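Reader: I have a sequence and a model open, and I would like to learn how to read them. Can we go through it by question and answer?

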Amino acid sequence: MARPFRFGVSLIVPATAAEWTARCRRAEELGYDVITVADHLGMPAPFPSLVAAAAATERPRLGTFVLNTGFWNPTLLAREVATTDALTGGRLELGLGTGYVAAEHETAGLPWGAPRERVDRLLRTVEELKHLLGPDGPLRHGTPWPGGKTPGPGDGGPPRVPLLIGANGDRMLRIAAEHADITAFTGARTKGSGTLEPLTATELDERVTLHRKASAAREEPAELNLLIQIVTVTDDRGAAARPWLPRLPHLTEREVLELPVVLIGSVEQIVDQVRDLRERYGFSYLTVLEPNLEAFAPVVRELRGR
């Protein structure tokens, strides 16, 4: 049986306290299930932003989408996770990724490393968090990842913070299949310049198939998330796609419109596209970027929880 839809928005623009409060309340008012914050220099700092979002809202879950593990010492990260989950009333979802922008590490004076080293760092972080935050760990906080009985009152701690892992490469998808409650597909590959190039529908099929095979032994597979890059509500799909062609010179107009991370059309057409993403790939949890907060809201109203 397909999972019901959940919808998140990634807030990426720095703001004053009043602006941030208004933005979070607007996301809740529009029906978004999750408010998330990225982990890039020049954007809001994740954990204080999520605590402020919790104070401004009542219902949405609050997530890091996703932390750059190269920025974080695992022990200090565990303290941030435990404190933030407590201060948000247990609404935290912890998202982790390897990072893909070398310049940010250089600016922060932190090592970048080869792809294998960055994946090793993420896996080590997951394993250390499991120890530090688990029932027997020094920062005891719920049950270890993945799975297991969720503690209740008197069982020795709060429920486990759900773990999301952002992935695209073979090894990362296998790690996510083993450890994550939520696997977030980037729907794109990283180019040498640190930019992202979207995957075609066929390429994403192959990525999802790999993850599905790696998850075969799990009793309950991870929830699947996709980050949507473009949302445009229009009656002229071709005209809306054309401004993107110079940025994607290897793709035709039709191929741009068929990209899984692109939702262009009338509200009814986009609703159908979202349903197709769940039917074809299993994506029941979609995240849009902050500039698309309002444009995507009618789709949220139509499909949330269904």
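Predicted model: local features only at pLDDT ≥ 70, side-chain atom pairs only at ≥ 80, totals over all residues.

Reader: Are helix 5 and helix 6 roughly parallel or roughly perpendicular to each other?

Author: Helix 5 covers residues 115–133 and helix 6 covers residues 170–179, and their axes lie 11 Å apart. The angle between the two is about 10°. Angles under 35 degrees count as roughly parallel. Helix 5 and helix 6 are therefore roughly parallel.

Reader: Which residues of helix 6 meet helix 5?

Author: From helix 5, the residues in this contact are R116, V119, D120, L122, L123, V126 and K130. By class, the contact has six nonpolar, one polar and four charged residues. On the helix 6 side, the residues are R171, M172, I175 and H179.

Reader: How many salt bridges does a search of the whole structure find?

Author: Side chains of opposite charge can pair when their charged atoms come close. Some of these pairs join up: R6, R61, E93 and E223 are linked in a network of salt bridges. For the whole structure, the search finds 21.

Reader: R23 forms a salt bridge with E290; how many residues apart in sequence are the parts that this pair ties together?

Author: The closest N and O atoms of R23 and E290 are 3.1 Å apart, and both residues are buried. R23 lies in helix 1 (residues 17–29), while E290 lies in the loop between strand 13 (283–289) and helix 11 (293–303). The pair therefore ties together parts whose separation in sequence is 267 residues.

Reader: E29 forms a salt bridge with R26; is E29 buried or exposed?

Author: The closest N and O atoms of E29 and R26 are 2.1 Å apart. Both residues lie in helix 1, three residues apart, which is about one turn of the helix. R26 counts as partly exposed, at 30% relative accessibility. E29 has a relative accessible area of 58%, so E29 is exposed.

Reader: K191 forms a salt bridge with E197; is E197 buried or exposed?

Author: Here the closest N and O atoms are 3.9 Å apart. K191 has a relative accessible area of 41% and is partly exposed. The relative accessible area of E197 is 16%, so E197 is buried.

Reader: Is the peptide bond from F65 to V66 cis or trans?

Author: Most peptide bonds are trans. V66 sits in the loop between strand 3 (61–64) and strand 4 (67–68). Omega for the bond from F65 to V66 is near -10°, and the bond is cis.

Reader: Which helices do the buried residues of helix 2 pack against?

Author: In helix 2 (residues 46–56), the buried residues are P46, F47, S49, L50, A53, A54 and A56. The strands they pack against are strand 2, strand 3, strand 4 and strand 5. The helices are helix 1 and helix 3.

Terms used: Residues numbered from 1 in each chain as written. Heavy atoms only, no water. Axes fitted to C-alpha atoms, helices over the stretch in contact; angles between N-to-C directions. Helix = DSSP H or I, 4+ residues; strand = E, 2+ residues; numbered from the N terminus. Parallel < 35°, antiparallel > 145°, perpendicular 65-115°, else oblique. Contact = heavy atoms within 4.5 Å. Nonpolar A, V, L, I, M, F, W, Y, C, P; charged D, E, K, R; others polar. Salt bridge = Lys/Arg side-chain N within 4 Å of Asp/Glu carboxyl O. Buried < 20%, exposed > 50% of the residue type's maximum accessible area, 1.4 Å probe, protein only.
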